[in-house]
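User: I would like to go through the terms used for this model and see what each one rests on.

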Amino acid sequence: MSLASWFRWNEPQNQISQRTPAEMVVDTLMMELGWQMKQAEKQQRERENEYRKIKTGVDYGWLVSYPKHSYDISPAERLQLEDMCTKIHPPYCGPVILRFRQLIAEYEPEVQEVSRLFRSVLQEATEKIKEEEEAQKLARQWSTKHKTSLSLMTFKSRARISPFSSHIKTISEDVERGTEPTRRVWSMPEFRSAQDY
């Protein structure tokens, strides 16, 4: 009996391939939320230290030790955010993260506000996805209706356009005659029915 059989070094790792794209999107988005919350907490601490340093004139920052991660969202809110993340399709994951980072940089929120900002970005993305799906649905419906209505394409109109007909009045004719032009614009071609020909 060899030692290699006791250890699982030689077994292929199938865990990565077992995850669905939706699970990977949820994990990625929630990791981004956690990282942004840590960064916001760090920035908030730095702002508080700067304020304290300005107020007291003394820097005791070297004496203070902070916990690694003190603020966390509630389990119910985390579940709601994960549920919202499941509605994001994989191609939208990157743009959602970029939009979230853009808003974080723009507003510099407190730690408690980061999850609300994340929620608003997710809602914005799901609305955009719904709009695009509806537009695709309408486009598919239009294309199927367009295919069925090909018999209407052979329909010929009885009205004909005669742009070069000699009896069409133009504004220049009125000027040449020296008469006052009528209110109608004569640059448009006249429509006549087939009976006039």
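User: What makes Ile129 count as buried?

Analyst: This is a predicted model, in which local features need pLDDT of at least 70, side-chain atom pairs count only at pLDDT 80 or more, and totals for chains, interfaces and linings use all residues. Residues are numbered from 1 along each chain as its sequence is written, and side-chain values use heavy atoms, with hydrogens and water left out. Buried means under 20% relative accessible area, exposed over 50%, and partly exposed in between (1.4 Å probe, protein chains only). Ile129 has 5% relative accessibility, so Ile129 counts as buried. This residue lies in helix α5; helices (H or I, at least four residues) and strands (E, at least two) are DSSP runs, numbered from the N terminus.

User: Which residues is Ile129 in contact with, leaving aside neighbours within four places in sequence?

Analyst: Contact means heavy atoms within 4.5 Å. With those neighbours set aside, Ile129 is in contact with Lys87, Ile88, His89 and Tyr92. Lys87 is 42 residues from Ile129 in sequence, and the C-alpha atoms are 8.9 Å apart.

User: Why does Thr126 count as buried?

Analyst: The relative accessibility of Thr126 is 15%, therefore Thr126 counts as buried. Thr126 is also found in helix α5. Residues up to four places away not counted, Thr126 touches Met84, Lys87 and Ile88.

User: How do you know that Leu33 is buried?

Analyst: Leu33 has a relative accessible area of 1%, so Leu33 is buried. Its place is in helix α2. Beyond four places in sequence, Leu33 is in contact with Ile73, Leu81, Phe100, Val114, Ser115 and Phe118. Ser115 is 82 residues from Leu33 along the chain, with 7.2 Å between the C-alpha atoms.

User: Which residues of α2 and α3 meet?

Analyst: Val25, Val26, Leu29, Met30 and Leu33 in α2 meet Arg78, Leu81, Glu82, Cys85 and Thr86 in α3. The residues of this contact divide into 7 nonpolar, 1 polar and 2 charged. Ala, Val, Leu, Ile, Met, Phe, Trp, Tyr, Cys and Pro count as nonpolar, Asp, Glu, Lys and Arg as charged, and the others, Gly among them, as polar.

User: What makes the aromatic pair of Phe100 and Phe118 edge-to-face?

Analyst: A search of the whole structure finds 1 aromatic pair. Phe100 and Phe118 are 4.9 Å apart, centre to centre, with 65° between the planes. Rings of Phe, Tyr and Trp (its six-membered ring) pair if their centres lie within 6.5 Å; planes under 30 degrees apart count as stacked, over 60 as edge-to-face and the rest as tilted. Phe100 is in helix α4 (residues 93-107) and Phe118 in helix α5 (residues 111-148), 18 residues apart. Phe100 and Phe118 are buried.
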